[in-house]
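Dear colleague,

My notes on the findings follow directly after it.

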Amino acid sequence: MTNILIIEDEVPAANYLKGLLQQMDPQANVVGMLESVEMAIFWLQNNPLPDLIFMDVQLGDGTCFEIFEQVSIACPIIFTTAHDQYAMRAFKFNSIDYLLKPIRPELLRFSMDKYYQLNKENTTAKVRVLEEIVHSQILNKKNARRSFLVPYRDKLIPLKAQDFAWLTIQNGIVTAMLHDDRSFILDKSLEELENQLDTSNFFRANRQFIISRDCIKDIELYFNGRLLMRVYPVSTNLILVSKERVPTFKKWFEETP
């Protein structure tokens, strides 16, 4: 079943679209029909994200682009409008198509076929990501290092992997920040550490950072679909997870270590 949200300020147009969708696909489940920017923001903030959104550009209390200023929308969107001047702006968002009103059934069918093809490809990609996570966790648990000897002045400091809060590379130098707010320079690359640390407890957030599960204090929705990690000890540099890595991060974080 495909859960579809319709955002359209003209009730006859919304009913017409709903009817077309249900004729084309019995599995199409219209979960809501909203008439304004205000209603759309409230609904999206208080309900699970649908599989697909049909979004009229010009609504009674503004344009649909005002919705994106208040809500992060990660699902595909098909924009609908009586005018085409917003087409380029619409495609900056998660748009898979742009339909001009009155909506022609054959063009709607084309848009839906495009959605189902993209959804099929995304499902395959998600399955592949999950398989990689499971495989890497099995291997990593067997081979993960539990302790490190870290050079410090004229000594070797013994550290446990569980002591690491986060690790970063800046100007070619890899630094480990510990949970107790101490930091040490390591003589290993971030790639080596990524392969040696237990992936059930550590995540490669981006090219500059590996973060531990326990250091994450808050997660903020960032623009362009990214996530901003709030960590302790605090990092002076932003720790961002890219839009492409967000599904992998969510799956990792929700797994029981």
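In these notes, helices (H or I, at least four residues) and strands (E, at least two) are DSSP runs, numbered from the N terminus. The model is a predicted one, in which local features need pLDDT of at least 70 and side-chain atom pairs count only at pLDDT 80 or more, while totals for chains, interfaces and linings use all residues. Residues are numbered from 1 along each chain as its sequence is written, and side-chain values use heavy atoms, with hydrogens and water left out.

Loops and backbone

N171 is found in the loop between β10 (164-170) and β11 (173-178). Although N171 is not a glycine, its phi is positive, at about 55°. With a relative accessibility of 81%, N171 counts as exposed; here buried means under 20% relative accessible area, exposed over 50%, and partly exposed in between (1.4 Å probe, protein chains only). R153, in the loop between β8 (147-152) and β9 (155-160), is likewise not a glycine and has a positive phi of about 55°. R153 is exposed because its relative accessibility is 75%.

One runs from K101 to P102, with omega near -10°, and P102 lies in the loop between β7 (95-100) and α5 (105-143). Another runs from Y232 to P233, with omega near -5°; P233 belongs to the loop between β16 (227-231) and β17 (239-241).

Nonpolar cores

A nonpolar core is taken here as a set of buried Ala, Val, Leu, Ile, Met, Phe, Trp, Tyr and Cys residues joined through side-chain atoms within 4.5 Å. In soluble globular proteins, nonpolar side chains tend to be buried together. The largest such core in this model has 22 residues, of which I7, I53, M55, I67, I73 and F79 touch the most other members. Two or more residues come from each of β1 (2-7), α2 (37-46), β3 (52-56), α3 (65-68) and β6 (77-81). The greatest contribution is that of α2, with five residues.

Leaving aside residues up to four places away in sequence, I7 touches L34, A40, I53, F54, M55, D56, L59 and I67, where contact means heavy atoms within 4.5 Å. A second, separate core holds 18 residues, including L20, L52, F54 and Y115.

The annotated aspartate

For D56, an unreviewed UniProt entry records the feature "modified residue: 4-aspartylphosphate". UniProt positions are given in the numbering used here, feature names are shortened, and annotations may be inferred rather than shown by experiment. D56 sits in strand β3 and counts as buried, because its relative accessibility is 3%. The contacts of D56, not counting residues up to four places away in sequence, are I7, E8, D9, C64, T80, T81 and K101.

Helix α1

Helix α1 (residues 11-24) has 14 residues and should span 20 Å at 1.5 Å a residue; its end C-alpha atoms are 20 Å apart, which agrees. The expected span is 1.5 Å times one less than the number of residues in the helix. The buried residues of α1 are A14, L17, L20, L21 and M24. Seen down the helix axis, these buried residues fall within an arc of 130°, so they line one face of α1; the arc is that of the directions from the helix axis to the C-beta atoms. On the other side of α1, P12 and Q23 are exposed.

Aromatic residues

A search of the whole structure finds 12 aromatic pairs. Rings of Phe, Tyr and Trp (its six-membered ring) pair if their centres lie within 6.5 Å; planes under 30 degrees apart count as stacked, over 60 as edge-to-face and the rest as tilted. The rings of F249 and F253 are stacked, because their centres are 5.8 Å apart and their planes are at 25°. F249 and F253 are four residues apart in helix α7 (residues 246-254), so about one helical turn separates them. F249 is buried, with a relative accessible area of 2%, whereas F253 is partly exposed at 34% relative accessibility. W252 and F253 form a tilted pair, 6.2 Å centre to centre with 55° between the planes. W252 is buried, at a relative accessible area of 3%. F203, F249, W252 and F253 form one aromatic cluster.

Yours sincerely
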